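Colleague: I would like a close look at one part of this model, namely a pair of neighbouring helices and the loop that joins them. Please take the geometry step by step.

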Amino acid sequence: MSVAMVSAANKACVDACSECAQACEVCAYNCCVNDGQMADCARLCLDCAAICAACITLLSRGSSWVGPLCQVCAQICAACAAECDKYDMQYCRACAAACRRCVQQCQAMAH
């Protein structure tokens, strides 16, 4: 019995999704403690983190559903980056940058 390994092609996307999910969680938390003024950013970051986590799972097992999910992930990450770009906080800038990297990797996997 062989152990399944994440393919080299999937590894870059797994790493980008992981970094993005972590940055989104940090951003969402910080947005929530900001008196609710950044609620839309927090909600979008949480959605983005959830989709990134799902991508990591499917990429890790080599699912045939990676392409369609990565396409959705790229769309959510792009929207999240645009929302985070509205704010001049370090955690929002870091999240937007991680989201943009994830968009690139997920778009590559979607095709």
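How near do the axes of α2 and α3 come, and at what angle do they cross?

Modeller: This is a predicted model, in which local features need pLDDT of at least 70 and side-chain atom pairs count only at pLDDT 80 or more, while totals for chains, interfaces and linings use all residues. Residues are numbered from 1 along each chain as its sequence is written, and side-chain values use heavy atoms, with hydrogens and water left out. The pLDDT (the predictor's confidence in each residue, from 0 to 100) averages 91 over the protein, and 95% of the residues score at least 70.

The axes of α2 and α3 come within 9 Å and cross at roughly 155°; axes here are lines fitted to C-alpha atoms, for helices over the stretch in contact, and angles run from 0 to 180 degrees between N-to-C directions. The two helices (DSSP runs of H or I, at least four residues, numbered from the N terminus) are therefore roughly antiparallel, a term that applies to angles over 145 degrees. The crossing of α2 with α3 is left-handed, that is, the near helix is turned anticlockwise from the far one by less than a right angle.

In the contact itself (heavy atoms within 4.5 Å), α2 contributes residues including Cys 41, Leu 44, Cys 48, Ile 51 and Cys 55, and these belong to a set that meets α3 residues, among them Leu 69, Cys 73, Ile 76 and Cys 80. The residues of this contact divide into 19 nonpolar, no polar and three charged, where Ala, Val, Leu, Ile, Met, Phe, Trp, Tyr, Cys and Pro count as nonpolar, Asp, Glu, Lys and Arg as charged, and the others, Gly among them, as polar.

Between α2 (39-60) and α3 (66-84) lies the loop that holds Ser 63, whose side chain reaches the backbone nitrogen of Trp 65 at 3.0 Å. Ser 63 and Met 38 are 25 residues apart in sequence and 35 Å apart in space, C-alpha to C-alpha.

On its other contact, α3 approaches helix α4 (residues 90-110), with axes within 8 Å and a crossing of roughly 155°; α3 and α4 are therefore roughly antiparallel to each other. α3 passes α4 in a left-handed crossing, and the residues of their contact divide into 18 nonpolar, three polar and one charged.

How values were computed: A polar contact is a pair of N or O atoms within 3.5 Å; within protein, one must be able to donate a hydrogen and the other to accept it, and residues adjacent in sequence count only if both atoms are side-chain atoms. Angles under 35 degrees count as roughly parallel, over 145 as roughly antiparallel, 65 to 115 as roughly perpendicular and the rest as oblique.
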